[in-house]
Amino acid sequence: MECDICGADGAEYLIAVEGAKLNVCQNCSGTGKIVRGPQYAREVGEDAPRIRQELEVVDGYGALIAGARKRMGLPLEVLAERINEKHSFLERVEHEKTLPDEKLAHKLEKELGIKLLAESTSGAAVNVKDKQGKGMTLGDILEIQKKKKD
Ligand SMILES: [Zn+2]
């Protein structure tokens, strides 16, 4: 696209000048108010990764489930029936041998009135406990995230 002002090739900026929208090059982008720059154009062009809030099953979910179930006086079999799951499967979940998927976790949350899912702490807020009790450096966290991806 050519610049509306100087005619140069590569008009990557959209600017607003007195209500009119002009496609201009970088040199002319200072003429008006920049509506969007080249970065924006690239972002919408690509299939930008969507920010998705992931839910994670909390630590100690087995004890949480078992505890709530016992407080309610529900035998495992009865709970399993209520949420339409196999009793043996639920038993494995309570013993933390199996991680419940989001759907099952939601069912258990509803049935038992407990909280099993938490928003995943990815990115800056990584909650990593260092075994030595030392603080994690950013490098350590990046290293862990790299390993997770592999
Ligand atoms: Zn120009």
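Two strands pair if DSSP finds at least two bridges between them. Helices (H or I, at least four residues) and strands (E, at least two) are themselves DSSP runs, numbered from the N terminus. The model is a predicted one: local features need pLDDT of at least 70, side-chain atom pairs count only at pLDDT 80 or more, and totals for chains, interfaces and linings use all residues. Residue numbers start from 1 along each chain as its sequence is written.

Strand 1 and strand 2 (residues 20–24) run antiparallel and are joined by 5 bridges. Across this pair, Ile15 stands opposite Leu22 in strand 2, and Leu14 stands opposite Asn23 in strand 2. The two strands form a hairpin with 2 residues between them, in which Glu18 takes a positive phi near 50°.

Before strand 1 (13–17) comes a segment that holds Gly7. Gly7 counts as exposed because it has 10 C-beta neighbours inside 10 Å. The cut-offs are as follows: a residue is buried if 20 or more other C-beta atoms lie within 10 Å of its own, exposed if 12 or fewer, and partly exposed in between, with C-beta atoms placed from the backbone. Gly7 and Val24 are 17 residues apart in sequence, and their C-alpha atoms are 8.2 Å apart in space.

Next come the nonpolar cores. Such a core is a set of buried Ala, Val, Leu, Ile, Met, Phe, Trp, Tyr and Cys residues joined through C-beta atoms within 7 Å. The largest has 10 residues, including Val57, Tyr61, Ile65, Val93 and Leu116. At least two residues of this core come from each of helix 2 (61–71), helix 4 (87–94) and helix 5 (102–112). Helix 5 gives the most, with 3 residues. Apart from this core lies another, of 7 residues, among them Ala11, Tyr13, Ile15 and Cys28.

Val93 belongs to the largest core. Not counting residues up to four places away in sequence, Val93 touches Gly62, Ile65, Thr98 and Pro100; contact requires C-beta atoms, placed from the backbone, that lie within 7 Å.

Notes
Contact = placed C-beta atoms within 7 Å.
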